[in-house]
Amino acid sequence: MELLIHHLAEIATPLGTTPRRGSELREVRRTQGGEVLCRDGRILFVGTAEERRHRFGELPGVTRLDGTGKTLVPGFVDCHTHLPWAGSREHELAARLAGKSYQEIAAAGGGILSTVAATRAASEEELASNVAARLGRMLAHGTTTAEAKSGYGLSLEAELKQLRALRRGAADHVVDVISTLMAAHEIPAERRGSNAERERFIDEICHQITPAVAAEELATFCDVFCEEGVFTLEESRRVLQAGLDHGMVARLHADEFVDSGAASLAAELGAASADHLVAVSEAGIEAMAAADVMGVMLPGVSFFLRKDGYAPARRLIEGGVALALATDCNPGSSHTESLPFIVWLGVFKLGLTVEECLTAITLNPACCLGLGEEIGTVEEGKRADLVLLDAPNLFNFAYHFGVNPVAAVVKDGEVVVGS
Ligand code: NIG
Ligand code: FE
């Protein structure tokens, strides 16, 4: 199977297989004109039409995708989402618009625990079909690889159900999915009676849920909500250590509302990433840079919770941290599947350049998920996961906001969206 994407206005891509940090985040190669030839799911050639004719001839029978007036970029990689959930929380949006805070709503029994109740009540089939529907919307907005977490089950049975549903929903879908166990997302209602109960829940995560998920090979990563009022630093260390002991790679929801030292814990444990970071300290930034922990920015959360404070993305870049941008797609704090929308927030709220944003939704999140050798750039040898933007150049991607900029998506060398 061969596909020739030709007459392109521009090809814009970061380069390489390793995370870009500091000024490297801006090093995007932008070439005017040009073609990309895909064969057997891989990128075989990137260059001018003349070079292609010289190396491969006229290719009379090849499938063609016309790139006239359009820009080709790598398939987007959404490295932080919470896809397998049931229920809906628009009533919380109404409460927030009436002045209640996210934490007040959670304390009154809403928030994560209301989604836990709906997710526990849902069947595996229903969750799998929710996953597939969300993956469909992601793909329509250019995402070709996504990470997704459990964490709305909070019991052995319900966490396994969520992860099995994720596997099932992803099995028939072209978007590649990498799974994360996040049983430590919140303390469930039935474990809130005493400290001993709380302790027993953490023991259950470490000694029952984590081994069971590992035995079924249901998760690559483990994650924890390390935050004041949720899991303490010490509890987070225990939970993540259990994941590490079972061959998972650690990630953290870190320093979202207050600085609790979670970024430094990410460094101590060799985590792949620390995510959120709105309240990260200077010491946390230094520790992350020194230990090669990726900083995952989730500006959809500040936007959706109507907050003025966004993560200090420029400070993280100056401090030498490799950044990624992700949707955090979830029902409570960021209900979107659209990485283009997150790019607009990256530009207009985090002060990132368009080039930095492109690296932060392609190569860097691919590296965060351990896939930097395979995806994340438009280079010969990588998997042919590509997005054709309805934009004459990369900059136009940010300039024309609020519309879906995706004209076509190519997954494993085949056109799966557009024509
Ligand atoms: O990543 N921060 C914790 N968890 C989610 C929010 C989940 C919810 O409100 O349902 C997040 O933002
Ligand atoms: Fe999250």
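What follows is a short exchange on how each label is reached.

Tutor: This is a predicted model, where local features need pLDDT of at least 70, side-chain atom pairs count only at pLDDT 80 or more, and totals for chains, interfaces and linings use all residues. Residues are numbered from 1 along each chain as its sequence is written, chains are lettered from A and ligands numbered from 1 in the order in which they are written, and side-chain values use heavy atoms, with hydrogens and water left out.

Student: How many helices and strands are in the chain?

Tutor: The chain has 16 helices and 18 strands. Both are DSSP runs, numbered from the N terminus: helices are H or I with at least four residues, strands are E with at least two.

Student: What makes the chain as compact as a globular protein of that length?

Tutor: Its radius of gyration is 21 Å, close to the 22 Å that the globule rule gives for 419 residues, so the chain is as compact as a globular protein of that length. The radius is taken over C-alpha atoms, and the rule is 2.2 Å times the number of residues to the power 0.38. Along the principal axes, the C-alpha atoms fill a box of roughly 75 × 45 × 45 Å.

Student: Why is L325 called buried?

Tutor: Buried means under 20% relative accessible area, exposed over 50%, partly exposed in between, with a 1.4 Å probe and protein chains only. L325 has 0% relative accessibility, so it counts as buried. This residue lies in strand 15 (residues 323-325). Across the chain, buried residues make up 57% of the 419.

Student: Which residues is L325 in contact with?

Tutor: Contact means heavy atoms within 4.5 Å. Leaving aside neighbours within four places in sequence, the partners of L325 include V77, M297, P299, L339 and I342. For the chain, residues 24 or more positions apart account for 74% of the contacts with a separation of 6 or more.

Student: Which atoms coordinate the iron ion (ligand 2)?

Tutor: Donors are N, O and S atoms within 2.8 Å of the metal (3.2 Å for Na, K and Ca); water is not among the atoms, so sites may look incomplete. H80 (NE2), H82 (NE2), H253 (NE2) and D328 (OD) coordinate the iron ion (ligand 2) at 2.0 to 2.3 Å. Their spacing along the chain is H-x1-H-x170-H-x74-D. One pair links distant parts of the chain: H82 is in the loop between strand 8 (76-78) and helix 2 (90-97), H253 is in strand 12 (residues 249-254), and they are 171 residues apart. Both H82 and H253 are buried.
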